[in-house]
Amino acid sequence: MHILAIETSCDETSASIVEDGKKVLSNVISSSSEIFATLGGVIPEAAARQQLTCIHPVITKALDDAGCMSDALDALAVTRGPGLLQSLLVGSTVARTLARLWSKPLVGIHHTFGHLSSPWLDVTEEILWPIITLSASGGHTELWLRRSHTDGDLLGSTRDDAAGEAFDKGAQLLGLPYPGGPAISVLGQHGDPHAYPFPSPLADLPSPDFSFSGLKTALKYLIRDSGEISEQARRDIAASYQHALCVHLLTGIEKSLHLHPEVREIHLVGGVSANIHLRSLIQEHIGERTLRTPKNIAYCTDNAAMIAAAAAFLIQAHPQVAFAPFETVASLPANFVFAVSQ
Ligand code: KG4
Ligand code: ZN
């Protein structure tokens, strides 16, 4: 089965063709993040205008790269939310138009379901259920217990900001560009992660929830009270802040494993899963279990291949829902991740 997917939830415009939910034939991503590098974050209207400029060339290139004509497609898929409304409208309007022109079914996919599906891309070996997935990006931070592609429970989520947002705001305080995650990692590479103490949010609660606002405030006061900061001190602050964010995410995974010791794999997905310090910290604490991250960094941050994978898994499990009139699926609440089980 060949699916053409479109993802335009934030500042990336992406189109991809994936075979049977796993084999990526093309994955084209155009990012407007450079425009926002000095601004500390995305401006929704500017992002949507970029989406309009890029969407057609990106789709054409995805078809060309895959050597695929529209008649070879079995279905189209598009991110239906959550995300920036103006950006989402560009992708879903184009997807609906193409689906109508080409007489193909169109599947609406929750953005998080896309991220949860990203570890299957370009992977041939069997992935073992049940799985605990940490999905951490600029918009959300969630822990899922998953029994199959379309059956899972939300174990915990953030009570305030998302982990990626904590990286982005922290970078802004340190005078670094957007997106902040990669910038903090690079600055902290030669810093001491134990040089500065940070709080451990919600550590005493059994539930694997997250809270990042206290960590951000601690960083703000640390910088304010440090006066003139040397280059080495900046590196130490970046490394310590990154370490504190990663330990907080690790604590959530450990609490989830305590509740569900039967879990066989831990998956890290979403933009923050690109963080090398986070990956090694978690690897050290999960014993014999497999730690799986998306096979390619381009599958960690926003991309259409993961949306095509999610659509294929949804069609396999529940064709009647996947092929329901697009309006029905599009009108589901934005937090409704799996179209059926939740
Ligand atoms: O999944 P994503 O591309 O978009 C959303 O759905 O939000 O995630 C973007 C977020 C940004 O906040 C960015 O700073 C963060 O992912 N990010 C990272 C890294 N690369 C991207 N955070 C930590 N370390 C990284 N290497
Ligand atoms: Zn995302």
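Trainee: How many salt bridges does the structure hold?

Mentor: Start with the general idea. Side chains of opposite charge can pair when their charged atoms come close. This is a predicted model, and the structure holds 11 salt bridges.

Trainee: Which side chain does Lys216 meet in a salt bridge?

Mentor: Lys216 meets Asp161. The N to O distance is 2.7 Å.

Trainee: Which parts of the chain does that pair link?

Mentor: Distant ones. Lys216 sits in helix α6, residues 213–225. Asp161 sits in the loop between β8 (151–157) and α4 (163–173). The two are 55 residues apart.

Trainee: Are Lys216 and Asp161 buried or exposed?

Mentor: Lys216 is buried, and Asp161 is buried too. The cut-off for buried is under 20% relative accessible area.

Trainee: Now a pair inside one helix. Where do Glu165 and Lys169 lie?

Mentor: Both lie in helix α4. They are four residues apart, about one turn of the helix. Glu165 forms a salt bridge with Lys169, and their closest N and O atoms are 3.7 Å apart.

Trainee: Why does Glu165 count as partly exposed?

Mentor: Because its relative accessibility is 24%. Partly exposed is the range between buried, under 20%, and exposed, over 50%. Lys169 also counts as partly exposed, because its relative accessibility is 31%.

Trainee: What is the N to O distance between Glu231 and Arg234?

Mentor: It is 3.5 Å, and their side chains meet in a salt bridge. Glu231 and Arg234 are separated by about one helical turn, because they are three residues apart in helix α7 (residues 231–259). Glu231 has 40% relative accessibility, so Glu231 counts as partly exposed.

Trainee: Which residues are linked in a network of salt bridges?

Mentor: Glu125, Glu265 and Arg292 are linked in such a network.

Trainee: Let's turn to helix packing. At what angle do the axes of α4 and α6 cross?

Mentor: General idea again. Two packed helices are described by the angle between their axes and the distance between the axes. Here the axes of α4 and α6 cross at roughly 10 degrees and come within 10 Å. Angles under 35 degrees count as roughly parallel, so α4 is roughly parallel to α6.

Trainee: Which residues make the contact?

Mentor: From α4, Ala166, Lys169, Gly170 and Leu173. From α6, Lys216, Leu219, Lys220 and Ile223.

Trainee: How many nonpolar, polar and charged residues does the contact of α4 with α6 have?

Mentor: Four nonpolar, one polar and three charged.

Note on methods. Residues are numbered from 1 along each chain as its sequence is written. Chains are lettered from A and ligands numbered from 1 in the order in which they are written. This is a predicted model: local features need pLDDT of at least 70, side-chain atom pairs count only at pLDDT 80 or more; totals for chains, interfaces and linings use all residues. Side-chain values use heavy atoms; hydrogens and water are left out. A salt bridge is a side-chain nitrogen of Lys or Arg within 4 Å of a carboxyl oxygen of Asp or Glu. Buried means under 20% relative accessible area, exposed over 50%, partly exposed in between (1.4 Å probe, protein chains only). Axes are lines fitted to C-alpha atoms, for helices over the stretch in contact, and angles run from 0 to 180 degrees between N-to-C directions. Angles under 35 degrees count as roughly parallel, over 145 as roughly antiparallel, 65 to 115 as roughly perpendicular and the rest as oblique. Contact means heavy atoms within 4.5 Å. Ala, Val, Leu, Ile, Met, Phe, Trp, Tyr, Cys and Pro count as nonpolar, Asp, Glu, Lys and Arg as charged, and the others, Gly among them, as polar.
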